[in-house]
Amino acid sequence: MARFAVKHLVFLLLTLSIVSFLVFTLNEFSPGAVARKELGAYATQDQVDALTKKLGLDRPLLVRYVEYMGKVAVGDLGVSARYKAPVRTVIVKHLANTALLAALAFACIVPLSMLLGISAGMRESSRLDRAILLFSTVMASIPEFALGVFLVSVFVVWLGWLPGTATLVAGGGWSVGAQLVLPVAVIVLFDAGYVVSMIRASMVEVMQRPYIRTAVLKGMPFRRVVVRHAVRNAMISPITVILLQINYLVAGVVVVETVFAYPGFGRMMLEAALFKDIALIEAGALVAVGLAVVTNILGDVAYMILDPRIRA
Amino acid sequence: MATVDVLTVSPPAASRRRAPRWWRAARAIRHSTTASIGVAIVLVWVALALLAPLLAPYAPNSPDLLALAHTTPSRAHWLGTDHLGRDLVSRILWGARPVLIIAPLAVLGATILGSLLGLAAGYKRGWIDLIVTRACDIVLSFPVIILYMIILAHFGSSAWNIIAVLTLTKAPIIARIVRGLTLQLREREYVAAAKMRGESSLYIMLVEILPNARGPLIVDMCLRTGYNIIIIGVLGFLGIGLPPPDPDWGGMVKDTYGMMMVWPHMALFPCAAISSLVVGFNLLAVGLRELGWRD
């Protein structure tokens, strides 16, 4: 167990330092870049040089990187040029919004895809299986923005049941709850398609095992075979996939956030990238990667809990 | 894999008269309805893209100012026009071209790079394996969409830059698949025989191992092409895709999405176009898997 923890901790730190170094280099390689960004396009070269000197940006890249990481280690992430606020506050605020969206979506995705995946995989090639497989394939094929456009044109433009934006500020006669329906629906439909096919594949494989045949042959009711014997084993390999969705849900929902003008982490990163808000890009990338590696570790842990064979 | 075994044991006399191997593989697709529908959709789009100069009723970038009064579908503009009065049929037809060039090129790039890395890691083992798998883990742990935003916003967006980022971010997945297959295949007799003959490792990797790993690779290439099309659309939608004014499906949605309440058709038709093309590639992949091209 200790070896497991050390190994993963080392990998986490290694990944974080490599990624942060790459992002840092990309943004701050040319000495004038940061000062030029600060002063704007109309500043003279003399002014840029002066600020570069003042901020110590003319020192070697590696020195500046080590200094930056030192600041990060004590929680100082700098100030965002785009939002004119400390990077930490900006990130925490947007991350909290995205966490709300992600939690709601995750709470729908897991039961829905388990239900569909298991009922499809328990009888391979049955009519139900083929219908669910087709549905999940089509859902996973439609880009999120297209799914958003389709849902908006039905439920907002045509029926007028729901609002087309989710700014999290109640207004225009719509509550925050109503605003969240469509973004969550888009994420769930898009992502569940993928998770369903994973669970289905695993279930199909488990249903071919000898112990399932034994259970059926000794006269156990089919429902009991599925619930008691198949499901637990069929969920072992998809559990990693399911946990990896957390990663997608937090960092990957930038499209959904853009469609519905949702003030979340992904859209914040997009704005930071387009605005070249260097401090925010660097810190946001660190957060995203840290989160990704942590969910990977969680996946490994869940795997070990479910499958005693690899616990050794 | 079953098809490969049958082909290798067939007598040489018969194989001389038979159609080429790729043609027989292509003909096998009709045994799966799913794959056939997928192929049909993809081929229709390829034909539309190729024939765009002939089929498109208007130039894709030229505005029809008179049509701006009625942008909705009409006899003159079958799918209507966009907010600048540009014909949607023409823009969608021309928009199929960049997608159908960039997505497969990026898949090809990723497959070549990924196969080489995976072969080297799986066949040579040792420190190469360690570095390749760790590097792949790091790239794969990064939320790709954020990576695209940082890189494309920094270097500017062009077709080549998109191909480059797609190649670099998709290669690790292929490398993982190929490495896994190589680990199994390197223990086979024919690899041992090639070693006995004194073949170089490069020959063994490319001629003995890689062709036997192609089934799963081809299924994966179909899936990967579909995902790449989604990503190209997403980049366009986020405003970091192909530069305007040439038609790009994602960019068309981005430009007209704000007018959904008034003119939903402007965003709906490009969305339908991109969705149908991705559905085609993914159905093809599902069908190939049914036919036993396991992954």
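Predicted model: local features only at pLDDT ≥ 70, side-chain atom pairs only at ≥ 80, totals over all residues.

**Stop 1: colour by pLDDT.** For the complex as a whole, the predictor reports an ipTM of 0.83 and a pTM of 0.85. Which elements of chain B sit at the two ends of the scale? Helix α1 (residues 2-9) of chain B has the lowest mean pLDDT, 46, while helix α6 (residues 88-124) of chain B has the highest, 91. Select residues 1-15 of chain B as well: pLDDT stays below 50 there, and the stretch has four contacts in the model beyond near neighbours in sequence.

**Stop 2: a helix pair in chain A.** Select residues 144-158 of chain A, which is helix α7, together with residues 176-207, helix α8. The two pack with their axes 10 Å apart, at an angle of about 135°. That angle is why α7(A) counts as oblique to α8(A). Turn the view and you'll find that the crossing is right-handed.

Next, show side chains. From α7(A), pick E144(A), L147(A), G148(A), L151(A), V152(A) and F155(A); they meet L182(A), A185(A), V186(A), L189(A) and F190(A) of α8(A). Sorted by class, this contact has nine nonpolar residues, one polar and one charged.

**Stop 3: zoom in on V72(A).** You'll find V72(A) in helix α4 (residues 61-73) of chain A. Leaving out residues up to four places away in sequence, V72(A) touches L77(A) and L286(A). For a distance check, pick the C-alpha atoms of V72(A) and A170(A): the two residues are 98 apart along the chain, and those atoms are separated by 36 Å.

**Stop 4: where chain B touches chain A.** Bring both chains back. The contact takes 31 residues from chain B and 37 from chain A. On the chain B side, select α7 (126-141), α8 (144-155), α12 (214-238) and α14 (265-290), the elements that each give two or more residues. Helix α14(B) supplies the largest share of that side, with 10 residues. Colour the chain B side by class to finish: 25 nonpolar residues, six polar and no charged ones.

How values were computed
Residues numbered from 1 in each chain as written. Chains lettered and ligands numbered in written order. Axes fitted to C-alpha atoms, helices over the stretch in contact; angles between N-to-C directions. Helix = DSSP H or I, 4+ residues; strand = E, 2+ residues; numbered from the N terminus. Parallel < 35°, antiparallel > 145°, perpendicular 65-115°, else oblique. Left-handed = near helix turned anticlockwise from the far one by under 90°. Contact = placed C-beta atoms within 7 Å. Nonpolar A, V, L, I, M, F, W, Y, C, P; charged D, E, K, R; others polar. pLDDT = per-residue confidence, 0-100.
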